[in-house]
Amino acid sequence: SRPGLISRCLYRGESFITPRRDGRLLLGTSYDPHLPGMDDDVDSISVGGAITKLESAFAILPCVADCEITRVWKSWRPTSPDGVPIIGAYGGFNVLLALGFGGLGITVAPAVAEALAKAVDGESLGASFYDFRPDRPGLRV
């Protein structure tokens, strides 16, 4: 790409384009279907995954059609068994959990960190974190 083509992250649905300082663009998605047998090879993606990302990138920024693909990779982002993050006190062990965010971890990290810091000081996480509690029905931690 060219330096300065975009100056901030652009999003569309679950896909994004992130500018790098050297002018390269990172195209990605927060969610991708899990394909059996592809876990060990982080330097490749499926053709379907590539098409999905490229179509989304083109919809966000049509001039990406003129860009060169220089590298592909993937990494799995852990989620909880029910797909909902786990935030709160775990059992009677004086342990606070904040995990299972999938691709949203960095997005919600400031709010979760602030809430957990207050919990360490003895404050309640409050009603806004109730649905994320480790002891919610149907979840086995």
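## Overall layout

The protein contains two helices and five strands, where helices (H or I, at least four residues) and strands (E, at least two) are DSSP runs numbered from the N terminus. Read from the N terminus, the order of the elements is β-β-β-α-β-β-α. This is a predicted model, in which local features need pLDDT of at least 70 and side-chain atom pairs count only at pLDDT 80 or more, while totals for chains, interfaces and linings use all residues. Residues are numbered from 1 along each chain as its sequence is written, and side-chain values use heavy atoms, with hydrogens and water left out.

Of the 141 residues, 28% count as buried. Here buried means under 20% relative accessible area, exposed means over 50%, and partly exposed lies in between (1.4 Å probe, protein chains only). Contact means heavy atoms within 4.5 Å. Among contacts with a separation of 6 or more, 49% come from residues 24 or more positions apart.

## Nonpolar cores

In soluble globular proteins, nonpolar side chains tend to be buried together. A nonpolar core is a set of buried Ala, Val, Leu, Ile, Met, Phe, Trp, Tyr and Cys residues joined through side-chain atoms within 4.5 Å. The largest such core has eight residues: I87, F101, V112, A115, L116, A119, L125 and F129. Helix α2 (residues 105-120) gives the most to this core, namely four residues. A second, separate core has seven residues, including I6, I17, L61 and V64.

V112, a member of the largest core, is in contact with I87, A98, F101 and F129 when neighbours within four places in sequence are left aside.

## Helix α1

Helix α1 covers residues 47-60, which makes 14 residues. From its first C-alpha to its last it reaches 20 Å, close to the 20 Å expected at 1.5 Å a residue; the expected span is 1.5 Å times one less than the number of residues.

Which residues of α1 are buried? They are G49, K53, S56, A57 and I60. Seen down the helix axis, the buried residues of α1 fall within an arc of 100°, so they line one face of the helix; the arc is that of the directions from the helix axis to the C-beta atoms. An α-helix has 3.6 residues a turn, so residues three or four places apart point the same way. The face of α1 turned away from the buried side carries the exposed residues V47 and E55. The buried residues of α1 are covered by elements that include β1 (10-12), β2 (15-19) and β3 (25-29).

## Aromatic rings

Rings of Phe, Tyr and Trp (its six-membered ring) pair if their centres lie within 6.5 Å; planes under 30 degrees apart count as stacked, over 60 as edge-to-face and the rest as tilted. A search of the whole structure finds two aromatic pairs. In one of them, Y11 and F16 have ring centres 6.5 Å apart and planes at 50°, so the pair is tilted. Y11 is exposed, at 60% relative accessible area, whereas F16 is buried, at 15%.

R133 lies over the face of Y130, 3.8 Å from the ring centre. A charge sits over a ring if NZ of Lys or CZ of Arg is within 6 Å of the ring centre and within 35 degrees of the ring normal.

## Two buried residues

G102 is in the loop between β5 (95-99) and α2, and is buried with a relative accessible area of 15%. The C-alpha atoms of G102 and R77 are 4.7 Å apart, although 25 residues separate the two along the chain. Not counting residues up to four places away in sequence, G102 touches R77, P78 and T79.

T18 belongs to strand β2 and counts as buried at 14% relative accessibility. With residues up to four places away again not counted, T18 touches C9, R24, L25 and L26.

## Two exposed loop residues

G91 is in the loop between β4 (86-90) and β5, and is exposed with a relative accessible area of 61%. G91 and P134 are 43 residues apart in sequence and 8.4 Å apart in space, C-alpha to C-alpha.

P81 lies in the loop between α1 and β4 and is exposed, at 72% relative accessible area. Leaving aside neighbours within four places in sequence, P81 is in contact with L139 and R140. Between P81 and R140, 59 residues apart along the chain, the C-alpha separation is 8.0 Å.
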